[in-house]
Amino acid sequence: MTGQATVHIEKLGAFAGKSRREAAVALGICEAYVVLLAKKAGIPLAKNQSRGNAKLEELKQLAAGGFTRQEAARQLGMSFAWVNTMARRHDLKFLRGGLIIDPPMRVKQMAALYKSGRTLQEIGDHYGITRERVRQLISRHCGISALDGGQHKVAIDRRAKFEAKRNTASLKHWGCNFDQYTKLRDMRKPTRAYAAQKQNAKKRGIAWEFNLWQWWSVWQQSGKWDQRGRGQGYMMCRNGDEGPYAIDNVFIATGCENSSDQKRKKSGLPTGVCKNKKYRGYSAARSIQGKLIRLGSFPTPELAHAAYLAAGNAQ
């Protein structure tokens, strides 16, 4: 180790605990040489504080203070490219270059017309200037882009009116908005089943007071839609098999449960049992796999009902 290095090490001891950059500046030597000497002599030096982090905090303050990117770069002594990179990475909003905080009244009026849906050409014709000049003025003075008004605003308003009109028509006809109807239509089965049941009720002369969404809500609340069908499946029934198909006059049940609710079954006899006038006894019958199976005649309704239950358990 040379005599000069020894001198530097002696001086370096006074910087123990301080940053490498401070020691290098004070001794007039490069930072890499300071690190080498400190390592050989076992002198602890702190790492340099991140210059970028400190500059980033200053940059955030400048952005909040209404500076442009060019002004922030000059203020910090950093490159414009670095300011751009930090702005994108940390979502910093800077004042646009050339933006005037209090634009002229004429430009404010142009901006208001553009935001209301007037086109650049219409505004230019009104003020006797070109559409490009209008775009330059409202962009520079008010920071307005093509997405803030003009044809874009007209298109958004037109779309909103169309959707409102379509939803109104859907509510009137189906009882739900158009998106809800579309989901049912894409499922196919609900809309087809609704149309088929409505047509069947018309053929039987039964009043229909449902719209599609009310009909679907009854099925959804029952939780039996996946088990819907004839035979052992569930169906929509009317109370007492009377009155219209209406939301307060229907329930979801199997065919057997529905038959027990009809007037002809309100004689006090159990489900699946009827009087056999020919043999002066009671007959039992049950639908099994979609076919009506007669279980025979019995002297008492209790025995007939027992046979009905036994046939169900045997399925």
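This is a predicted model: local features need pLDDT of at least 70, side-chain atom pairs count only at pLDDT 80 or more; totals for chains, interfaces and linings use all residues.

User: What makes the buried residues of α3 line one face of the helix?

Analyst: Within α3, which spans residues 31-41, Val34, Leu37 and Ala38 are buried. Seen down the axis of α3, these buried residues fall within an arc of 100 degrees, so they line one face of the helix. An α-helix has 3.6 residues a turn, so residues three or four places apart point the same way. On the other side of α3, Ala32, Lys39 and Lys40 are exposed.

User: Why is the pair of tryptophan 215 and tryptophan 225 called edge-to-face?

Analyst: A search of the whole structure finds ten aromatic pairs. For tryptophan 215 and tryptophan 225 the ring centres are 5.8 Å apart and the planes stand at 80 degrees; rings pair if their centres lie within 6.5 Å, and planes over 60 degrees apart count as edge-to-face, so this pair is edge-to-face. The pair links distant parts of the chain, with tryptophan 215 in helix α13 (residues 212-222) and tryptophan 225 in the loop between α13 and β1, ten residues apart. Both of these tryptophans are buried.

User: How do you know that tryptophan 216 and tryptophan 225 are also an edge-to-face pair?

Analyst: Their ring centres are 5.1 Å apart and their planes are at 75 degrees, so this pair too is edge-to-face, by the cut-offs of 6.5 Å for the centres and 60 degrees for the planes. Ring pairs link Trp215, Trp216 and Trp225 into a cluster with Tyr194, Trp208, Phe210, Trp219 and Tyr245.

User: Why is arginine 238 said to lie over the face of tyrosine 245?

Analyst: Arginine 238 is at 5.5 Å from the ring centre of tyrosine 245, whereas the cut-off is 6 Å, together with a direction within 35 degrees of the ring normal; arginine 238 is therefore counted as lying over the face of the ring.

User: Which residues have the most contacts inside the largest nonpolar core, and which element gives the largest share?

Analyst: The largest nonpolar core has 20 residues, and those with the most contacts inside it are Trp208, Phe210, Trp215, Trp219, Met236 and Tyr245. Two or more residues each come from α11, α12, α13, β1 and β2, and the largest share, five residues, comes from α13. Apart from this core lies another, of 14 residues, among them Leu59, Leu62, Ala63 and Leu76.

Note on methods: Residues are numbered from 1 along each chain as its sequence is written. Side-chain values use heavy atoms; hydrogens and water are left out. Buried means under 20% relative accessible area, exposed over 50%, partly exposed in between (1.4 Å probe, protein chains only). Helices (H or I, at least four residues) and strands (E, at least two) are DSSP runs, numbered from the N terminus. The arc is that of the directions from the helix axis to the C-beta atoms. Rings of Phe, Tyr and Trp (its six-membered ring) pair if their centres lie within 6.5 Å; planes under 30 degrees apart count as stacked, over 60 as edge-to-face and the rest as tilted. A nonpolar core is a set of buried Ala, Val, Leu, Ile, Met, Phe, Trp, Tyr and Cys residues joined through side-chain atoms within 4.5 Å.
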